[in-house]
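Subject: Structure handover

Dear colleague,

Please find below the structure I am passing on to you. My notes on it follow.

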Amino acid sequence: MIWFRNDLRISDNEVICEAMRKAERILPVYIFDPYYFGKNEHGFFRTGSFRGRFLLESVAALRAKFRAMGSDLIIRTGDPAVLVSRLAEQYHVSAVYHHTELTPYENFVSEKTEQLLWKMQVPLRYFSPDTLYRKEDLPFRISDIPDDFCVFKKKLIRDSNVRSPVTEMGDLRTPVILNPGEIPTLSKLGVPASFIDPSVGGRYTGGEEAAFARLRALQTALSNGYHNICPDDLTPWLTFGCISPARVFWSISSSADGKRTGFAGKLVSGLIRRDHCKFLFKRKQLEAKKHDDEDMVKMSGRQKKLFEQWKKGETGEASVDTAMKELNATGYLSHVSREITASYFIRHLRKHWKKGAALHEEKLIDYSLSVDSGYWDRPADENRAKKIPFVFAGSPEILFDRPSQ
């Protein structure tokens with residue numbers, strides 16, 4: 001069984017390749033976990049309409065690709081551990097393959113699944129997270145990941161290499177699937193409808209083919225010397241694994257004749273920044289440096305007003321307001337805009353930064369806990385916040401939380 005998670009593609013998917021080398025047939029499975037469609041402790045949805053729609057499109061595209069090859073993709077909704085174990089028993093699978101993740105809930109689900117499968121003597125095999133540089137190829141241990149991105153990047157480029165994409169698998173043999181299941185609607189998953197700016201016009205459509213189309217457009221732009229390329233343009237597809245970081249890296253490198261300067265360099269830097277956030281998140285987990293022990297301090301009336309202004313893009317700070325309005329209309333923010341909005345929020349509502357991060361979780365089309373936490377941890381850390389270059393004009397004072405009288 002191939003248990004798809006955030007790797008919704010067939011091309012350059014080592015899980016598929018390894019499974020096909022070991023077995024005569026594979027059983028592709030995707031499970032919609034209700035956890036991701038509920039609300040977090042701050043009252044925001046873990047998955048908003050932008051990301052929900054993109055996910056449904058990506059799963060539908062993956063199923064269509066399997067069906068075009070004479071196969072299919074089993075789809076279920078519910079507890080992944082229970083459903084994976086039931087399917088494993090029903091189809092008499094010899095092993096379950098999946099990509100591991102770097103975040104607590106995903107690891108909990110993997111461990112629970114492994115325990116249920118172990119009772120059936122079916123092993124659960126873990127594959128490395130979907131990063132540009134493999135964990136085993138890093139020039140340092142996870143515990144030694146530097147806070148400074150420039151240091152991380154320079155050492156990676158100097159002392160490590162990006163692996164080439166894996167060999168394509170042309171014949172995906174599956175058993176007869178009598179009940180493949182239906183893809184649920186957003187409303188059935190409990191995701192609320194949201195206004196979508198007509199100007200967005202399908203800018204982000206989920207799926208592997210859409211990812212390759214966007215990559216080809218970037219390659220053409222690079223080859224023609226265009227200078228209006230956004231280095232974060234592929235992040236929605238990277239988040240759901242519709243395309244692999246390695247595929248993007250090697251395609252961009254070939255389009256730029258191996259030169260990683262200018263806009264090609266920015267695109268590669270974006271991939272490395274994504275790795276840095278992920279591995280730094282893992283390092284902090286190992287160090288147990290979490291903010292879970294912070295008291296949930298209630299917002300004052302003034303703080304609630306400031307939060308609503310930030311949320312709606314009505315702060316009076318042009319860079320912040322433009323970014324928040326773009327987020328509300330499109331579900332997208334560049335990495336610079338994420339840093340700006342997070343820095344502004346923390347400067348004004350310091351100890352309530354988690355509520356701002358929770359709103360990003362609901363709104364962003366390409367939200368990833370292990371990546372986006374980096375945009376909040378840095379300004380939330382007083383020592384690292386001093387190095388942030390953003391200056392906001394006419395900012396009110398920082399509102400430190402005080403115990404109620």
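Two terms come first: pLDDT is the predictor's confidence in each residue, from 0 to 100, and a contact means heavy atoms within 4.5 Å. This is a predicted model, in which local features need pLDDT of at least 70 and side-chain atom pairs count only at pLDDT 80 or more, while totals for chains, interfaces and linings use all residues. Residues are numbered from 1 along each chain as its sequence is written, and side-chain values use heavy atoms, with hydrogens and water left out.

Confidence

The average pLDDT of the protein is 85, and 85% of the residues score at least 70. Helices (H or I, at least four residues) and strands (E, at least two) are DSSP runs, numbered from the N terminus. Over residues 289-295 the pLDDT stays under 50, and the model has seven contacts beyond four places in sequence for them. Residues 395-405 also have pLDDT below 50, and this stretch makes 20 contacts in the model beyond near neighbours in sequence.

Helices

Helix α7 covers 16 residues (208-223). The expected span of a helix is 1.5 Å times one less than its number of residues, so α7 should span 22 Å; its end C-alpha atoms are 22 Å apart, which agrees. Buried means under 20% relative accessible area, exposed over 50%, and partly exposed in between (1.4 Å probe, protein chains only). The buried residues of α7 are Glu208, Ala211, Phe212, Arg214, Leu215, Leu218, Ala221 and Leu222. After α7 comes Gly225, with a positive phi near 75 degrees.

Helix α11 (residues 301-312) and helix α13 (residues 335-349) have axes that come within 10 Å and cross at roughly 170 degrees. Axes are lines fitted to C-alpha atoms, for helices over the stretch in contact, and angles run from 0 to 180 degrees between N-to-C directions. Angles under 35 degrees count as roughly parallel, over 145 as roughly antiparallel, 65 to 115 as roughly perpendicular and the rest as oblique; α11 and α13 are therefore roughly antiparallel to each other. On α11 the contact is made by Gln303, Leu306, Phe307 and Trp310, and on α13 by Thr341, Tyr344, Phe345 and Leu349.

Single residues

Asp12 lies in the loop between β1 (2-4) and α1 (14-22). With a relative accessible area of 9%, Asp12 is buried. Not counting residues up to four places away in sequence, Asp12 touches Pro165, Val166, Glu168, Ser244, Ala246 and Arg247. Its C-alpha atom is separated by 9.1 Å from that of Ser164, 152 residues apart along the chain.

Most residues other than glycine have a negative phi. Asp12, not a glycine, has a positive phi of about 50 degrees, and His92, also not a glycine, has a positive phi of about 55 degrees. His92 sits in the loop between α3 and β4 (96-99) and counts as exposed, at 71% relative accessibility.

Ser85 belongs to helix α3 (residues 80-90). Ser85 is buried, its relative accessible area being 9%. Leaving out residues up to four places away in sequence, Ser85 touches Leu116, Leu117 and Met120.

Regards
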